[in-house]
Amino acid sequence: MTGTHPPRSKRRRSALRTVAFMSPWLIGFTVFFVYPLLSTLYFSFTRYDGFRQPSFNGMDNWSYVFTDYPLFWPAMRNTLWLVLVMVTCRVAFGLGIGLLITKIKTGAGIFRTLFYLPYLAPPVAATLAFVFLLNPGTGPVNTLLDAVGLPTPGWFTDADWSKPALTALALWGVGDLMVIFMAALLDVPKEQYEAAELDGAGAWARFRHITLPNISPIIMFAVVTGVIQAMQYYAQPLVAGKVAAGVIGGSGQQFEPGYPDKSTLTLPQLVYNLGFQRFDYGTACVVALVLFALSMAFTALLMRRRGGLIGAGE
């Protein structure tokens, strides 16, 4: 019986060899994830401005953020709105464009290029262009809407329309999801579609029972990565708020993010504003930990629901 098990020294060498091969990842994971996370957790219980030594202040930072900080809950609501609405619209629109282009017989390459090009635009440049296009007074979009007798929203100058305007900007740059969905759609076995047509299945039945089950892992990937991106949404709402407010000066010009009426304020903006503009690192770490917890919660929930998404199409 003893001969059936490898010697302890051989098992130890095998384990050390495995750790050696994994060491680059383990070092990177520790340095760039574990240590920053533990440091953020530690600083969240301290009063720290980046210059003097941090001093422990218990739950003061946490209490201030959740009860006294007036910008936290508006930023939380805006971030959750972007996660629920913008991510859903991007996934649905990207899938729809992918389905449309896979059905085109002539000129598919041209349409694919036209839909993908906006994704290559730098976020700041794309946001600047959208703010000017949607300018309520001089923008061509409102000029066209007014010409056909439709209402002309305030877009980035109206708190009720600023987040829909950001969603429109996100849909304009949906080329990344379009390419991913096109690759998944082209990989669906054609034999399944042919068998379904012989059985008399319509377009919706084929999509529900064939297309959706086959591409459900890709949909899950798009949703999870979209949620993470929405949790990191920083440049576009900040630039849109600044330009719409007329604040386009240099770096020394002070600006409270969230224009108009805190409607474009997001949690990443609070982290930057608190940590690098107000030098309140302890409070900034609290907001960063809330953002991290939300990202983990959404990702865990989506991964648990993955089986339900697959089963819904079967």
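Predicted model: local features only at pLDDT ≥ 70, side-chain atom pairs only at ≥ 80, totals over all residues.
**Entry 1: the shape of H1**

I began with helix H1, residues 8-43. I asked how far H1 spans between its end C-alpha atoms. I found only 44 Å, while a straight helix of 36 residues would span 52 Å at 1.5 Å a residue. Next I looked for a bend. I found a kink of about 55° at methionine 22 in H1.

**Entry 2: H1 against H13**

I noted how packing is described: two packed helices get an angle between their axes and a distance between the axes. I then looked up H1 with helix H13, residues 281-304. Their axes are 8 Å apart, and the angle is about 125°.

Which residues meet here? From H1 I listed Phe33, Leu37, Thr40, Leu41 and Phe43. From H13 I listed Gly282, Cys285, Ala288, Leu289 and Phe292. I sorted the residues of this contact by class and got eight nonpolar, two polar and no charged.

**Entry 3: H3 against H8**

I moved on to helix H3, residues 72-103, and helix H8, residues 175-186. Their axes come within 8 Å and cross at roughly 55°. H3 and H8 are therefore oblique to each other. H3 passes H8 in a right-handed crossing.

I went through the contact residues. On the H3 side they include Arg90, Val91, Gly94 and Leu95. On the H8 side I noted, among them, Asp176, Leu177, Met178 and Phe181. How many are nonpolar, polar and charged? The residues of the contact of H3 with H8 divide into 11 nonpolar, three polar and two charged.

**Entry 4: H4 against H8**

I stayed with H8 and looked up helix H4, residues 108-116. The axes of H4 and H8 come within 8 Å and cross at roughly 140°. That makes H4 oblique to H8. Arg112, Phe115 and Tyr116 in H4 meet Gly175, Asp176, Met178, Val179 and Met182 in H8. By class I have five nonpolar, one polar and two charged residues. I saw that Asp176 of H8 is listed in the contact with H3 and in the contact with H4.

Then I looked for exceptions.

Where is the cis peptide bond? I found it joining tyrosine 259 and proline 260, with omega about 0°. Proline 260 sits in the loop between helix H11 (235-245) and helix H12 (267-277).

I also checked tryptophan 155. Its phi is near 50°, a positive value in a residue other than glycine. Tryptophan 155 lies in the loop between helix H6 (140-147) and helix H7 (162-172).

Key. Residues numbered from 1 in each chain as written. Heavy atoms only, no water. Axes fitted to C-alpha atoms, helices over the stretch in contact; angles between N-to-C directions. Helix = DSSP H or I, 4+ residues; strand = E, 2+ residues; numbered from the N terminus. Contact = heavy atoms within 4.5 Å. Nonpolar A, V, L, I, M, F, W, Y, C, P; charged D, E, K, R; others polar. Expected span 1.5 Å × (residues − 1). Bend = angle between axes of the 7 residues up to and from the residue. Parallel < 35°, antiparallel > 145°, perpendicular 65-115°, else oblique. Left-handed = near helix turned anticlockwise from the far one by under 90°.
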